[in-house]
Amino acid sequence: QIHNQHNAEAPNLEQAFHRMAQTEPNLDHDISWFLLPSYWAKMVVALISFLCFANSYDGDFVFDDSEAIINNKDLRAETPLGDLWHHDFWGSKLSSNTSHKSYRPLTVLTFRINYLFAGGFYPIGFHVINIILHCTISVLMVDVFSILLGGLQFSNKGRRLNLAPKTSLLAALLFAVHPVHTECVAGIVGRADLLCALFFLLSFLGYCKAFRENKEGHNFSMFWVLVSVILGAIAMLCKEQGITILGLNAVFDALVINKLNVLELIQKLLHKDKSLENAGLFRKGLLFRITLLMSGGASILYIRWRIMGTGPPAFTEVDNPASFADSLFVRAINYNYYYSLNAWLLLCPWWLCFDWSMGCIPLIKSVSDWRIIALAALWFCLIGLICQALCSEDSHKRRILTLGLGFLIIPFLPASNLFFRVGFVIAERVIYLPSIGYCILFTYGFSLLSKQAKKKKILAVAVLGILLINVMRCALRSSQWRSEEQLFRSALSVCPLNAKVHYNVGKNLADKGNQSAAIKYYREAVRLNPKYVHAMNNLGNILKERNELQEAEELLSLAVQIQPDFAAAWMNLGIVQNSLRRFEEAEQSYWTAIKHRKKYPDCYYNLGRLYADLNRHIDALNAWRNATVLKPEHSLAWNNMIILLDNTGNLAQAEAVGREALELIPNDHSLMFSLANVLGKSQKYKESEALFLKAIKANPNAASYHGNLAVLYHRWGNLDLAKKHYEVSLKLDPMAPGTKENYNLLRRKLEQLQKKGG
């Protein structure tokens, strides 16, 4: 079949095919599957991968998108481009103790380009790029799988041959439609994994190009080896996993280019056999290339370590509870259980969740826990595969199984907790690259079954059914990633013990104004995790707004007791204590918050309100001034300064502050209103009128704006206009304080004028 597909090639290409057929069995020979020209195969893969995730194109910013994109100052034009190289993925300085040390400047750069081209935070452009990236990666997979499954062969003209067109198409389709990839594609922060995978694959394909003129490993292109190392470095600048491609290139070189028999090599090393040269290890160029790859990798890691500046990131127990277990046995058992769950997600990606931390997966603490069976099954399968990969007499089988295991395990190592603690239990996004290995093993297993099966078409229909189910699952899961409400609620059935899931559902409800429902989910989050300080803080805030001050104080006090440096909880505790008229305690809480977060404008604002209540006017003005220095667009702080200066008779100072504020925030109607009041009292009627009218244009339904403009006209002597705006104000708010009395005074005055005129 392959011979017929390429019959347009020159005779020497036909001979190359025949030589390959004689030396290695062909996976395509026994399977009943579609045989398409390379171009059409890639078109089919691109189309199907697009269909899987197309419905996520107009989704919102969800979950981690807020921190990585919306709140990330590195995306904005005013941030120098150079800062991207000194900040982490979330926009924090890498040298900061609070940094997650996730160094992905190239991914952040693409977010910045998205933001600049869109002219703001419009998610559609971000989502479209993610979908295009996944389609591109899936298409590249056709070439990658053709090499991994069919071997690396070139025609005499230097054109790479696809010796496994059927199996490479099947493996690429399996990859393209795998539901576990939804988080990477539909979640915008998954861009890091997509870009990493793109350059990861380009590095591998570039390394393969180094052997275009290869004759049994003796000739290779130094240029393409170096290009491969550079592309590996670029992959790592997109996400940390990218560096693992250098190790995989070395494995590929040894197994495919030099046809190294690992078991034979180990045996000769153990027996100190002098014929090691014949085993392929010292074949010309192999050690040099591996040394080049390892040197490149070590240099890249050293540079990254230097940029990071400090030690590893500090994660909490709720992020990764197993890593905090005192017992080495408990840690090892749970890490292995996590590996088995990752493997299960590849095999059966039905139960998917945006977050697997905070009690979603309770720790295994004894060997009597039935879940031990899962990790036993994992290692039984892995050991079986490793034995076959090492001991099989079939070199073709050894090569495919070793490459499959290599692509499954090596890209997963940075997330394995073996070298350093990671900040998650399970993360579906980190399985994006390891799924390549899964697809190799699945496709190889399918070819072995097809070889034994009498009814090959039934087996092919079953695999086609799996692909269709995965397409539907991808579409369903993509729709769940379109909004936070759907995403968070979808997790309740998968991880009902996850406190963070309940917290996020509650937060989403609170943002929509449904406080009663939010309280229920916040309480459940605290019940599931009694040390969940963020849930306590948010619940305390809602209770404070509902005037349930006693319980709010208890929750916030407990939060700061558990986490003494939790600045937001200290500030909220201060607000509650202020409401309870315990002013000294409130002041102490505010200052404690500022001690833990020195640049905290909202806390200075609330401190200013406390001082104003205590008639400590100078302290109040100083606090509000600090708030505006830290956050120049802090409208409430500016407003309170103007109002306090106005109320204390400092009209000139109030006017100066008002003009300063409007220069910084020219479209803020509340500032226009406050300054207009000051100007009116200073008898600058014309300027005051202009500001009132501008404020009313911006917010026409504010009764106080019309009422105060009416007072201005009343003082100014424009009684008809005063009457008009008094009436508008009373229509908008019949209970507006003072307006009715002023309106009645005006009416009496107008009646007197009419009598005099009469």
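At 47% relative accessibility, Cys391 counts as partly exposed (buried means under 20% relative accessible area, exposed over 50%, and partly exposed in between, with a 1.4 Å probe and protein chains only). This residue belongs to a predicted model, in which local features need pLDDT of at least 70 and side-chain atom pairs count only at pLDDT 80 or more, while totals for chains, interfaces and linings use all residues. Residues are numbered from 1 along each chain as its sequence is written, and side-chain values use heavy atoms, with hydrogens and water left out.

Of the 758 residues in the chain, 53% are buried.

Back to the cysteines. A search of the whole structure turns up 1 disulfide (a pair of cysteine sulfur atoms within 2.5 Å). The partners are Cys360 and Cys495, with their sulfur atoms 1.7 Å apart. Cys360 sits in the loop between α14 (328–347) and α15 (372–391), and Cys495 in the loop between α19 (484–494) and α20 (499–511), so the bond ties together parts that are 135 residues apart in sequence. Both ends are tucked away: Cys360 is buried at a relative accessible area of 13%, and Cys495 is buried at 1%. Cys52 is buried too, at 0%, but the closest cysteine sulfur, in Cys474, is 4.2 Å from that of Cys52, which is too far for a bond. Cys391 is likewise in no disulfide, as the nearest cysteine sulfur, that of Cys387, is 5.5 Å away.

Charged side chains pair up as well, and the whole structure holds 27 salt bridges (a side-chain nitrogen of Lys or Arg within 4 Å of a carboxyl oxygen of Asp or Glu). One of them joins Arg160 and Asp143, at 2.9 Å from N to O. This pair links distant parts of the chain, with Arg160 in the loop between α6 and α7 (165–176) and Asp143 in helix α6, 17 residues apart. Arg160 is partly exposed at 23%, whereas Asp143 is buried at 16%.

Other bridges stay inside one helix. In helix α21 (residues 515–528), Arg527 and Glu524 are 3 residues apart, or about one helical turn, and their side chains meet at 2.7 Å from N to O. Here Arg527 is exposed at 54% and Glu524 partly exposed at 23%. Lys686 is exposed at 61%, but Glu689 is buried at 13%. Then there is a network of salt bridges that links Glu655, Arg659, Lys684 and Glu687.

On a 1 Å grid over the protein atoms alone, a cavity is a set of points where a 1.4 Å probe fits but cannot get out, and a pocket is an open set with protein on both sides within 12 Å along at least five of seven lines; lining residues have an atom within 4 Å of a point. Points are joined across faces, edges and corners, and a volume is the space filled by probe spheres set on them. The largest cavity has about 60 Å³ of space, and its lining includes Tyr338, Tyr339, Phe412 and Val430.

Tyr339 turns up again in the second largest pocket, as one of the residues nearest its centre, along with Ser340, Ala343, Trp344 and Leu378. That pocket has a volume of about 1200 Å³ and is lined by 43 residues. Helix α14 gives the largest share of the lining, 11 residues, while α14, α15, α16 (395–409), α17 (435–452) and α19 each supply at least two.

Most residues other than glycine have a negative phi. Lys259, however, has a positive phi near 50 degrees; this residue lies in the loop between α11 (244–257) and α12 (262–270) and is exposed at 53%. Gln683 has a positive phi of about 65 degrees, lies in the loop between α30 (669–681) and α31 (685–698), and is exposed at 59%.

Terms used. Helices (H or I, at least four residues) and strands (E, at least two) are DSSP runs, numbered from the N terminus.
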